[in-house]
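Trainee: I have a new model open on my screen and would like to talk it through with you. Shall we go step by step?

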Amino acid sequence: MKVWSDSFADNAAMDAQFAFGKPDAQAHVALSQNKNPHLAWSDVPAGTRSFVVICTDSDVPSQGDDVNKEGREVPADLPRVDFYHWVLVDVPASVSEIPAASHSNHVTPRGKFGPDALDGMRHGVNDYTAWFAGDESMTGDYYGYDGPCPPWNDTIVHHYHFTVYALDVARVPLDGRFDGNDVRAAIKPHVLGSASVTGTYTINPKAV
């Protein structure tokens with residue numbers, strides 16, 4: 001399989017329009033346009049009956065002690081963990097492209113609707129669901145795509161991996177509310193092939 005995006009080159013920077021947060025001179029970070037990027041794929045395995053799209057940030061700090069704190073920096077050598085930004089399942093086998101801004105084009109406080117998505121597809125909840133759990137103005141189930149918003153004081157650039165999985169089933173065997181870990185476990189015996197494209201993003205002008 002091959003996966004690419006017209007919104008960014010592989011291993012190159014993503015524009016702020018595809019992010020949840022963008023740099024702000026006064027407050028460090030401000031809400032951005034939060035558009036989902038364009039994705040397309042080809043060279044699909046024979047027998048493919050549906051696709052799954054998952055986006056993860058592999059550079060999220062494993063500890064939040066220094067995150068977004070004045071006078072501190074998130075050190076580069078801190079262990080990092082995955083953060084799910086997008087979980088889309090039941091993409092029909094006839095689909096080979098997702099247009100930019102088709103699943104998200106703004107920040108939705110308390111999260112977008114779900115799990116039902118366009119054209120019979122379904123969305124899982126992303127990890128902003130847990131991130132905003134203690135914030136009364138933002139708490140909710142965050143279905144669908146919500147883009148990058150790395151800590152404004154992180155010393156490293158974050159990497160966002162958009163992976164498309166080709167499956168031998170038309171529907172992922174999950175019902176109700178599900179997340180990225182649920183989907184990865186459910187599709188494991190059904191994956192015929194996969195491919196990824198990676199974008200980078202930072203809010204910290206000093207990040208490397």
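This is a predicted model: local features need pLDDT of at least 70, side-chain atom pairs count only at pLDDT 80 or more; totals for chains, interfaces and linings use all residues.

Trainee: Thanks. With that definition, in what order do the elements of the protein chain run from the N terminus on?

Mentor: The protein chain has 2 helices and 11 strands. Reading from the N terminus on, the order is β-β-β-β-β-β-β-β-β-α-β-α-β.

Trainee: What radius of gyration does the protein chain have, and how does it fit a compact globule?

Mentor: The C-alpha trace spans about 55 × 35 × 30 Å along its principal axes. For 208 residues, a compact globule would have a radius of gyration near 17 Å, so the protein chain agrees with this rule at 17 Å.

Trainee: What share of the contacts between residues at least 6 apart in sequence joins residues at least 24 apart?

Mentor: Contact here means heavy atoms within 4.5 Å. Among the contacts you describe, the share joining residues at least 24 apart is 77%.

Trainee: On to the largest nonpolar core. Which strand supplies its largest share?

Mentor: In soluble globular proteins, nonpolar side chains tend to be buried together. The largest core here has 27 residues, and W41, W86, L88 and F162 touch the most other members. At least two residues each come from β5, β6 (50-61), β7 (80-92), β10 (158-167) and β11 (191-201). The largest share, 4 residues, comes from β10.

Trainee: How many residues are in the second, separate core?

Mentor: Its members include V89, L167, F178 and A186. The count for this second core is 14 residues.

Trainee: Is S104 buried or exposed?

Mentor: S104 lies in the loop between β8 and β9 (122-123). With the same exclusion of sequence neighbours, S104 touches N34, K35, N36, K112 and Y145. A polar atom of the S104 side chain lies 3.4 Å from the backbone oxygen of Y145. The cut-off for buried is under 20% relative accessible area, and S104 has 3% relative accessibility, so S104 counts as buried.

Trainee: And how does Q33 count by relative accessibility?

Mentor: Q33 lies in the loop between β4 (28-31) and β5. Leaving aside neighbours within four places in sequence, Q33 is in contact with A16, Q17, A19, N105, H106 and V107. Since its relative accessibility is 40%, Q33 counts as partly exposed.

Trainee: Last one: what percentage of the residues of the protein chain count as buried?

Mentor: The protein chain exposes about 9600 Å², with carbon and sulfur atoms supplying 51% of that area. Of its 208 residues, the buried share is 49%.

Notes: Residues are numbered from 1 along each chain as its sequence is written. Side-chain values use heavy atoms; hydrogens and water are left out. A nonpolar core is a set of buried Ala, Val, Leu, Ile, Met, Phe, Trp, Tyr and Cys residues joined through side-chain atoms within 4.5 Å. Buried means under 20% relative accessible area, exposed over 50%, partly exposed in between (1.4 Å probe, protein chains only). A polar contact is a pair of N or O atoms within 3.5 Å; within protein, one must be able to donate a hydrogen and the other to accept it, and residues adjacent in sequence count only if both atoms are side-chain atoms. The radius of gyration is taken over C-alpha atoms; the globule rule is 2.2 Å times the number of residues to the power 0.38. Accessible areas come from the Shrake-Rupley method with a 1.4 Å probe; for residues, only the protein chains shown count as cover.
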